[in-house]
Amino acid sequence: MNRLDHRDPLVFDTHELGRRPGSLRKVSRTLKAPEAFGIVDVIGVPAGSEIVLELRLESVVEGVLITGTAEASVAGECVRCLEPVEDALDVDFQELYYYAESDERGRTRSGGTSEEEQADEDEDETYRLEGDYFDLEPVLRDAVVLALPLQPVCQDDCLGLCSECGARLSDDPSHHHDAADPRWAALQGLSAAPGAEGDGIKTSDAREGAAENQEK
Ligand SMILES: [Zn+2]
Ligand SMILES: [Zn+2]
């Protein structure tokens with residue numbers, strides 16, 4: 001009856017933990033990210049890249065408390081110069097997965113009033129076990145997204161791109177254009193055309209040819 005697929009690398013089984021409050025179990029798992037985690041088109045853990053999880057599962061009265069760390073690499077691009085950015089991520093998370101309300105063992109042991117259970121349901125961020133299984137995916141996703149830089153840069157002092165030609169300025173700090181350049185170029189284009197009066201669609205090759213002829 002579980003909707004969770006126990007073959008999903010982010011689904012964990014708490015069966016061996018048992019449900020006696022205070023029992024502890026550590027679980028390590030290395031997996032390939034089933035899909036990208038992060039900020040779309042900015043930065044994130046790429047799909048298929050390795051995630052190393054260290055989890056501590058602790059049985060408590062209401063459910064299972066998960067405390068863990070995840071190590072992953074992230075990839076994105078610099079918001080200033082669009083160069084690839086790679087970084088390592090090390091995030092901590094903790095979440096309580098409540099026993100499923102349909103689970104009579106959990107309800108009996110929790111001894112909670114129906115009002116408390118109702119309040120739990122009303123919270124958006126309430127995670128529940130499905131049978132013995134829980135899905136770490138939403139918790140891991142939130143932890144990763146919170147840890148990512150919103151404005152990733154390739155280096156703190158990245159100078160970005162030249163607004164005129166798109167060159168990466170950090171590669172060439174002295175890079176500049178004279179403010180008059182574009183207009184000079186236009187004027188030069190006009191002055192190079194005297195041999196072609198009346199012909200406005202000369203190609204640059206033709207103009208160079210004309211200039212060579214004049215020099216000779
Ligand atoms: Zn950059
Ligand atoms: Zn430039």
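Okay, let's start with a word we'll need: a residue is called buried if 20 or more other C-beta atoms lie within 10 Å of its own. Hold on to that while we walk through this one, which is a predicted model.

First, the overall picture. The protein has 5 helices and 9 strands. If you read along the sequence, the pattern goes β-β-β-β-β-β-β-α-α-β-β-α-α-α. Of the 216 residues, 19% are buried. And if you take the contacts with a separation of 6 or more, 59% of them are between residues 24 or more positions apart.

How confident is the predictor? The mean pLDDT is 81, and 70% of the residues reach 70 or more. Confidence is highest in strand 5, at 98, and lowest in helix 1, residues 104–110, at a mean of 43. Over residues 102–112 the pLDDT is below 50, and this stretch has 11 contacts in the model beyond near neighbours in sequence. Residues 195–216 are also below 50, with 10 contacts of that kind. Where pLDDT is low, the predicted coordinates should not be read in detail.

Let's go to strand 5 instead. It covers residues 50–59, and it pairs with strand 2, residues 24–32, in the antiparallel sense over 9 bridges. You can find this pairing on your screen by looking for Leu 24, whose bridge partner in strand 5 is Glu 58. Then look for Leu 31, which stands opposite Ile 51.

Strand 5 also has strand 6, residues 63–77, as a partner: the two run antiparallel and are joined by 9 bridges. Here, Arg 56 has Thr 67 in strand 6 as its bridge partner. Strands 5 and 6 form a hairpin, with 3 residues between them.

Now, how many of the 9 residues of strand 2 are buried? The number is 0, so strand 2 lies largely in the open.

Compare that with a residue in strand 6, namely Val 74. Is Val 74 buried or exposed? Val 74 has 23 other C-beta atoms within 10 Å, and the cut-off is 20 or more, so this residue is buried.

Which residues does Val 74 touch, leaving aside its neighbours within four places in sequence? Its contacts are Gly 38, Ile 43, Gly 44, Val 45, Asp 87, Leu 89 and Leu 148.

Last stop, two loop residues with a positive phi. One is Asp 41, in the loop between strand 3 (37–39) and strand 4 (43–45). Its phi is near 65°, a positive value in a residue other than glycine. Asp 41 has 8 C-beta neighbours inside 10 Å, so it counts as exposed.

The other is Leu 82, in the loop between strand 6 and strand 7 (84–98). Leu 82 is not a glycine either, and its phi is positive, at about 70°. With 13 other C-beta atoms within 10 Å, Leu 82 comes out as partly exposed.

So, to recap the residues we visited: Val 74 is buried, Leu 82 is partly exposed, and Asp 41 is exposed. Thanks, everyone!

Terms used
Residues numbered from 1 in each chain as written. Chains lettered and ligands numbered in written order. Predicted model: local features only at pLDDT ≥ 70, side-chain atom pairs only at ≥ 80, totals over all residues. Pairing = 2+ DSSP bridges. Helix = DSSP H or I, 4+ residues; strand = E, 2+ residues; numbered from the N terminus. Buried ≥ 20, exposed ≤ 12 C-beta atoms within 10 Å, placed from the backbone. Contact = placed C-beta atoms within 7 Å. pLDDT = per-residue confidence, 0-100.
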